[in-house]
Amino acid sequence: MSGARLVWHQFRFDQKIFWRNPAAVFFTIMLPIIFLFIFATIFGNHTIAARHGLKVKTYYVPGIITLAVSSATLVSLAISLTRSREDGVLKRLRGTPAPAWAIVAGRVGNSIVVSALMVVLLTAIGRIVYGVHLPGATIPAIVVTLLVGASAFSCLGFALTSVIPSEEAAPAFTNAIVLPLYFLSGVFIPETEIPDGVLHVANVFPVRPMFEALLTGFDPTTTGAGFEPGRLAVVAAWGLLGLAIAVRGFAWTPRSERS
């Protein structure tokens, strides 16, 4: 069987597992949509003076997209991989003729496809329900930002499994990392309500730079193509760090068999 067919087979398997898991579907698909409806409906007609009167509803669309991509990649991978490792699923997969890279590619491909679906859904809701327009000139920049962000967050998801001790600890561990970053990065709270010092700290981590890069693409006052190379470099650097940690620390066998 060719490499492409192996990846496709693994991807289809991971897609079935994802869509048959009600909890995964709710937290990855439905929860970001609920967040967008809540925040955009309550605060949508307000404006952000510091951003040339940008409507808050326009602000929240890329913010919730950032949350959705992070949830579909970093959070989903960290939790599902830890569960598969501790249940012995990864060990059994590693014992099959399928190469490790095909298994990894299938998992990452599933996360990226779900991320793309969420981007389409949230952008459509923003456009149809709240009248948030996506400037056509910035679409290439948004696509690049999403690819860089989804790839980096996927690497970080694999890296996190090396420090998560058990299946039970995985949800608490990942949420303890991402939830504070959502708040500090302005995903839930408009940046005008966050102290500058906190925003400077948030800029060091990958969530806010990705959010800022996406917000530039959605901002109707943006001129030019809307690329944010500096912010994308920060996101990519975290991805490379995650990849390095994953290469050294990712395990296929349960922790109990390695102690």
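Start by selecting W19 in this predicted model: at 41% relative accessibility, W19 is partly exposed. Show both side chains and compare the rings. Their centres are 5.0 Å apart and their planes meet at 85°, so F18 and W19 form an edge-to-face pair. This pair belongs to a count of 15 aromatic pairs.

Next, select F35, F39, Y59, Y60, Y182, F183, F188 and F211 together. Ring pairs join these residues into a cluster.

Nonpolar side chains tend to be buried together in soluble globular proteins. Here the largest nonpolar core holds 52 residues. To see where the core comes from, colour α2 (22-43), α3 (56-86), α5 (100-130), α6 (139-160), α7 (169-184) and α9 (207-218), each of which supplies at least two of its residues. Which helix gives the largest share? That is α3, with 14 residues.

Stay with I65 for a moment and display what surrounds it. Beyond its neighbours within four places in sequence, I65 is in contact with V119, L122, T123, L146, L214 and F218.

Then move on to a second, separate core of 10 residues, which includes L81, L93, V108 and W252. The charged end of R94 sits over the ring of W252, 5.5 Å from the ring's centre.

Technical notes:
Residues are numbered from 1 along each chain as its sequence is written. This is a predicted model: local features need pLDDT of at least 70, side-chain atom pairs count only at pLDDT 80 or more; totals for chains, interfaces and linings use all residues. Side-chain values use heavy atoms; hydrogens and water are left out. A nonpolar core is a set of buried Ala, Val, Leu, Ile, Met, Phe, Trp, Tyr and Cys residues joined through side-chain atoms within 4.5 Å. Buried means under 20% relative accessible area, exposed over 50%, partly exposed in between (1.4 Å probe, protein chains only). Helices (H or I, at least four residues) and strands (E, at least two) are DSSP runs, numbered from the N terminus. Contact means heavy atoms within 4.5 Å. Rings of Phe, Tyr and Trp (its six-membered ring) pair if their centres lie within 6.5 Å; planes under 30 degrees apart count as stacked, over 60 as edge-to-face and the rest as tilted. A charge sits over a ring if NZ of Lys or CZ of Arg is within 6 Å of the ring centre and within 35 degrees of the ring normal.
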